[in-house]
Amino acid sequence: MTEVTWTGKRVTVAGLGVSGIPAARVLRGLGAHVTVVNDGDDERSRAQAAELEALGVTVRLGDGATLPEGTELIVTAPGWKPDKPLFLAAAEAGVEIWGDVELAWRLRGHGGRKPAPWLAVTGTNGKTTTVRMLASILQAAGLRTAAVGNIGVSLLDAVLGDEPYDVLAVELSSYQLHWAPSLRAHSAAVLNLAPDHLDWHGSMEAYAADKGRIYQGNQVACVYNAADPATEDLVREADVEEGCRAIGFTLGPPAPSQLGVVDGILVDRAFVTNRQKNAQELAEVADVNPPAPHNVANALAAAALARAYGVEPAAVRDGLRAFRPDAHRIEHVADVAGVAYVDDSKATNTHATEASLAAYDPIVWIAGGLAKGATFDELVEKSAKRLRGAVLIGADRALIREALARHAPEVPVVDLDRTDTGAMSAAVREAARLARPGDTVLLAPACASMDMYTNYNKRGEAFADAVRELAAERD
């Protein structure tokens, strides 16, 4: 790939924020003439603009639609939709569009640096957990690494830092992949595929195609979910380097070229000699925190990528043991009167919630929020036998209530007709009333949080606070 000459190049950065501001700073530092365009013109945007203008960057607030004259390249924030007028004008003018991931990929060898290989992960759910597990495994192997991309260290900082990394664990969203045409990972995984962000992509087919970009040009391994045929289909469609292998992961016993589970042991039948007959023990299911089925699947995907990079089995075990999940991801809050209370506020869609519900039995389910166009019949039908009861909150709770009435009419339902932030305390108390010793009260909303909370973190914190209040009262 030819290195770009940045001095004097006229680059438009689309969007202020977590990706736009670092991109503008980096490009200005490389000598480019940088103009930032942004739809918003609020107090925060004006403060950010002032900081960039002090560096010699031009900022246009309240005008994200017009292509600045002379633009030779656009670097966009990943969330900007492809049908924005700015991009339509760029296409008409023959101007290339990159995302921040594409920019980082192009700059990874800048200044004579030795580029670190990328082990990349995408999927509808589980990306962050898997990438953080992978980074923990790589660290246990003695490698200098970081969890980057959609989380953790900025990708631009990672590729341009003074101290080079040995290898990077990279989380990539479908938005980021859409705008990263030349990305070529060492190895990559698609964890799962379910309808999400269809308003941005336009269709499930377009969404899947963008996810599948992560496999293009893979060098060593394309890791797929054997339980999700759509992920294997993406491997088949990918144009990879000669010798790159398809590696599956499964919660059952693995076939050759797969990782899986046998008698509570995570085993590898992909990166061993004579994989037709041999398997390598990697870790115990009990080493995965928490050992819920979907989280074991995340661990297997992380292990597959690490093994593709040559990591020894002991480092897989040690890395999984050292890993601690982020808050609000199937997080055990407390046991109160023999009932477990679990916060999975991060389960903001039906696919994530189905996995969460599959981890416990019996369950009193707290759900609801903004449905984002989702339907709940399939989710309820699959999970009905696990439900002791349900407590519903939020703007679109009626959609879940109606699905429960159709597919689980015997399950008692408490419909809290409120969307104030105090509703969570009432929901926890109602769930406690329905629960019996040995049950799990599970916050897995299957919906976004913005009808009641700033984000899913605040929703999870409200749940945890309510559980602690309940525990204090019953001490």
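Which residue of β18 stands opposite Ile-366? In this predicted model, the residue facing Ile-366 is Val-391. The two belong to a pair of strands, β17 (residues 363-367) and β18 (residues 387-392), which run parallel and are joined by five bridges.

This pair is part of an open sheet of six strands, arranged in the order β15-β16-β20-β17-β18-β19. The pairing within the sheet is mixed. At its edges stand β15 and β19 (413-415), each of which has a single partner strand, so one side of each lacks a neighbour in the sheet. From one strand to the next, the twist averages 15°. In general, the strands of a sheet pair through backbone hydrogen bonds, in either the parallel or the antiparallel sense.

The antiparallel sense is found at the β15 end of the order: β15 (residues 331-336) pairs with β16 (residues 339-343) over five bridges. Within this pairing, Asp-335 is placed opposite Ala-340 of β16. The two strands form a hairpin, with two residues between them.

Helix α15 (residues 397-407) lies across β17, β18 and β19, and runs at about 155° to β18. Helix α16 (residues 423-434) also packs on the sheet, where it touches β16, β17, β18, β19 and β20 (440-443). The direction of α16 makes about 160° with that of β18.

Note on methods:
Residues are numbered from 1 along each chain as its sequence is written. This is a predicted model: local features need pLDDT of at least 70, side-chain atom pairs count only at pLDDT 80 or more; totals for chains, interfaces and linings use all residues. Side-chain values use heavy atoms; hydrogens and water are left out. Two strands pair if DSSP finds at least two bridges between them. Helices (H or I, at least four residues) and strands (E, at least two) are DSSP runs, numbered from the N terminus. Axes are lines fitted to C-alpha atoms, for helices over the stretch in contact, and angles run from 0 to 180 degrees between N-to-C directions. Contact means heavy atoms within 4.5 Å.
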